[in-house]
Amino acid sequence: MPEGQPPRSILITGAAGNLGGLLARHLMARGHLLRLMYHHKALAADVAAAPNVAGVQADLGDPRTLGPALRGVGVVVHFAGVLFAPRPERFLPVTNTLWFSNLLSASLDAGVSRIVLTSFPQVEGTTSVEQPATGRLDREPISVHARTRLEEERLLMERTRGSGTTPIVLRLGMVYGRGILMIEAARWLARHRLLGIWREPTLLQLIATADFLRATEAAIVTPKVTGIYHVGDEQPVTLQEFLDEACDVWGYRRPIRVPVWLVDLTAGACELVASIAGTRAPFTRDFVRLGRVSHWGDTRRARQELIPELVHPTLASGRATL
């Protein structure tokens, strides 16, 4: 940064949400200058009142609101989107792809130096420890969530080419720990003896909350990083093993194994009720399609350039954080 210029802010979209909110608190405590974007849901009062935080209300669906929000911003970290709604095939092409395209255009116009997009390894479809995801953009995943997120990755890499903006994609393993929305949902279901899972083993890559936060901060501040990084731990587990371990930690009965058709039926019923009642749908058939994809990412670049060591390299190390 040229001498005499004020430091530029880090803008986080979805800062009133789950992962965005956790990152905001982490960076706030570390003294970073933050611009926290929200739409309908307001920021937590203590976060909004912090001296190094400026809240900004904007709508990713309305490009006119984005220019002012991005003024003076150096780095954008993108989390915002819509998750828990029925029929995601109807809205995700808009709330994922179009909204990100709006943010990308406004960021390029504002001269943002770096854009960090959070993603997940399932965008490459089924992968394994022997044949891991490596950062390919030419796949055709089966779920709408993965297809639209992969399109965001393509947009970022294509439209920043030749610009002064550095593209970074963090394909995160499943973030786990207390306070993570999906983990707390599983805990609630287990407490009420409602937690079930399909029988077929599904390979899962995890990342503890502390390591997710450290990796994302490194992607924001580390010089000369660019491209696609897979961020995950070192212990392959199945989704079934993870939920068993979590229930053991919580002191609840392990989830029952059920046929996959029953899981699909339950998800469809959740979507139908939510559509009729006009409420959120915490469980959808597209989530099932996404969740059944075995996945593992090649984390070597992330180890070399972002986080050489993990606080919790295995689930055995991180189980106490559940």
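# A walk through the helices and loops

H4 passes H5 in a right-handed crossing, where right-handed means that the near helix is turned clockwise from the far one by less than a right angle, and left-handed that it is turned anticlockwise. Helices and strands here are DSSP runs numbered from the N terminus, helices being H or I with at least four residues and strands E with at least two. The model is predicted, so local features need pLDDT of at least 70 and side-chain atom pairs count only at pLDDT 80 or more, while totals for chains, interfaces and linings use all residues. Residues are numbered from 1 along each chain as its sequence is written, and side-chain values use heavy atoms, with hydrogens and water left out.

To view this pair, select residues 88-110 for H4 and 144-159 for H5, whose axes come within 9 Å and cross at roughly 15°. Axes are lines fitted to C-alpha atoms, for helices over the stretch in contact, with angles running from 0 to 180 degrees between N-to-C directions. H4 and H5 are therefore roughly parallel, on a scale where angles under 35 degrees count as roughly parallel, over 145 as roughly antiparallel, 65 to 115 as roughly perpendicular and the rest as oblique. Residues making the contact (heavy atoms within 4.5 Å) include Leu92, Phe100 and Leu104 of H4 and Val144, Leu155 and Leu156 of H5. By class, the contact of H4 with H5 has 9 nonpolar, 6 polar and 5 charged residues; Ala, Val, Leu, Ile, Met, Phe, Trp, Tyr, Cys and Pro count as nonpolar, Asp, Glu, Lys and Arg as charged, and the others, Gly among them, as polar.

Next, select residues 18-29 and 209-221, which are helices H1 and H7, packed at an angle of about 70° with their axes 10 Å apart. That makes H1 roughly perpendicular to H7. From H1, Leu19, Leu22, Leu23, His26 and Leu27 take part in the contact, and from H7 the residues are Thr209, Phe212, Leu213, Thr216, Glu217 and Ile220. The contact of H1 with H7 comprises 7 nonpolar, 3 polar and 1 charged residues.

Stay with H7, where 10 of the 13 residues are buried, so H7 is largely enclosed by the rest of the structure; buried means under 20% relative accessible area, exposed over 50%, and partly exposed in between (1.4 Å probe, protein chains only). Thr216, which lies in H7, counts as buried at 0% relative accessibility. Leaving aside neighbours within four places in sequence, Thr216 is in contact with Leu23, Val77 and Leu170.

Continue to Lys224, in the loop between H7 and strand S11 (227-231). Lys224 is exposed, with a relative accessible area of 81%, and has a positive phi of about 65° although it is not a glycine. Arg193, in the loop between helix H6 (181-191) and strand S8 (196-198), likewise has a positive phi, near 60°, and is exposed at 53% relative accessible area.

Now select Gly72, in the loop between helix H3 (66-70) and strand S4 (73-78). Gly72 is partly exposed, with a relative accessible area of 41%. Apart from neighbours within four places in sequence, Gly72 is in contact with Arg8, Ser9 and Arg35; the C-alpha atoms of Gly72 and Arg8 are separated by 5.6 Å, although these residues are 64 residues apart along the chain.

Finish at H8, for which the buried residues include Leu239, Phe242, Leu243 and Trp250. Just after H8, Gly251 takes a positive phi of about 85°.
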